[in-house]
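Hello,

Here is the structure I promised to pass on to you. Have a look at it first, and then read my notes below.

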Amino acid sequence: MNKPLRRVSVFCIALVLALMGWATWIQGAKADSLADDDHNPRVNIEKYSRPLGNILVDGHPVTGSAPTDGTLAYKRTYTDGPLYAPLTGYSSQIYGSTQLENLYGDVLDGSDSRLQSPVNLVSRERAKGGDVSTTLDAKVQKAGYEALGNKTGAAVALDPATGRILGMVSTPSYDPGKFAGQSGAGQKAWAEMTGDKDQPHLNRALRQTYPPGSTFKLVVAAAALENGLYSSVDERTDSPNPYRLPNTRTDLTNENAAAPCENATIRTALQYSCNNVFGKLAADLGEKKVKEQAEKFGFNDAKIDVPVRAGKSIYPSGMDSAQTALSGIGQFDDQATPLQMAMVVSAIAGGGELKTPYEVDKITDGGGNTVQQYSPKTYKTAMSKQNAEQLQSAMQTVVEKGTGSGAKIGGLTVGGKTGTAQHGVDNSGMPYAWFVSYAEDAQGHQVAVATVVEDSDAARSDISGGGLAGPVAKAMMDAAL
């Protein structure tokens, strides 16, 4: 064989070997990933070939399945879709899935290996879809949703003893059933939802961060007690009124000029929401100590999974003393999700021990047998029991005599803290209204709530945490206990 023919032969053999190697790799190493790829139409055909398992609230399904006339035999349906959308997310034949529908998709469609029976293993058939039981309390969820009404905002209710999420509301919401199938109407509903400037598909309770405003004063109060800056919430502080920010000519004043904020105790400062006191406390403590305390409550943790991952709440670094003082009243670059502020109150109500928040109670197979049970876990010890009890008492004063008086509930012990957070350049945006609180009944059962109202039809001068967000928290606490 002459040299040119030999080269062509070698080249052809190399091409054949490359093709065989590629085919082997595709059919072997890549087989599973291609079979599970969302762009593989067989995945959806198999997933929707039979009814999906359900997501349960109080033991009752808030999802379902309905037969279709298309290639995909069944589509997802939702009971009270807008009410539970922040929990369930959506499962759409066109647009995929989110939230619990996504995270537990393999359980719901029966492909999770834990659901396989010996018969399924032999026949290689997919198991019947399992169910996901959640920790939500339907009464608490409904109370929060109805109280928020047409306002833009969110609310989270936690059980301090366990970390169970009892309510998780985000408004405006959406109906995931409207685009679960492949109809033209469903595609139109999807376009309207994703194009809405109010972002109804955004889970504000878990994913949206806001400046926490005066609710962050609870974190600073905890830091002051834990670091021994003051030994009691009833010890007078060294807090001039107004307080001049360090190394500036700017005075930090109070909303109520007549409030007794000069050298006020922490109890009085919480009652009247004294900026001068908490700005001075933060500056005296310094950024490092406030940050350490904030992180005990969950700030700066990018991996809080409930199991849906929550947005990262921020306590900033690299601040000077003036900026640290502003951060002490929940401004500057402080950012918190409603879940994060519910965690702060939960730790205080729980005697200083913060439980990890979670929204799934257990997973069961198609026959109702428990596959996985979730149990309470301690996130961190945020503060001592003695200091937590002092802050409980001070928060009760806020409700009994202070800015949170609208949250009183007969027969329950209630503690709270209001907050009105500025945002926008030179405070040009409408303020955010916050209310964080806890309630306890005579048997010791508790609930911790954080509510934020991002936008409402109230006049700017009428926006306040107690006036707008307080009624939402009150409704959820009342429903819980």
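Tyr-90, Tyr-95, Tyr-174, Phe-179 and Trp-190 form one aromatic cluster. Rings of Phe, Tyr and Trp (its six-membered ring) pair if their centres lie within 6.5 Å; planes under 30 degrees apart count as stacked, over 60 as edge-to-face and the rest as tilted.

Before going on, please note that this is a predicted model, where local features need pLDDT of at least 70, side-chain atom pairs count only at pLDDT 80 or more, and totals for chains, interfaces and linings use all residues. Residues are numbered from 1 along each chain as its sequence is written, and side-chain values use heavy atoms, with hydrogens and water left out.

There are 11 aromatic pairs in the structure. In one of them, Tyr-90 and Phe-179, the ring centres are 5.2 Å apart and the planes are at 75°, so this pair is edge-to-face. Tyr-90 sits in the loop between helix 4 (81-88) and strand 5 (91-92), and Phe-179 in the loop between strand 9 (165-171) and helix 9 (184-195), 89 residues apart. (Helices, H or I with at least four residues, and strands, E with at least two, are DSSP runs numbered from the N terminus.) Tyr-90 counts as buried because its relative accessibility is 9%; buried means under 20% relative accessible area, exposed over 50%, partly exposed in between (1.4 Å probe, protein chains only). Phe-179, at 2%, is buried as well.

Another pair is Phe-216 with Phe-299: their centres are 5.5 Å apart and their planes at 85°, so it is edge-to-face too. Both Phe-216 and Phe-299 are buried.

Enjoy exploring!
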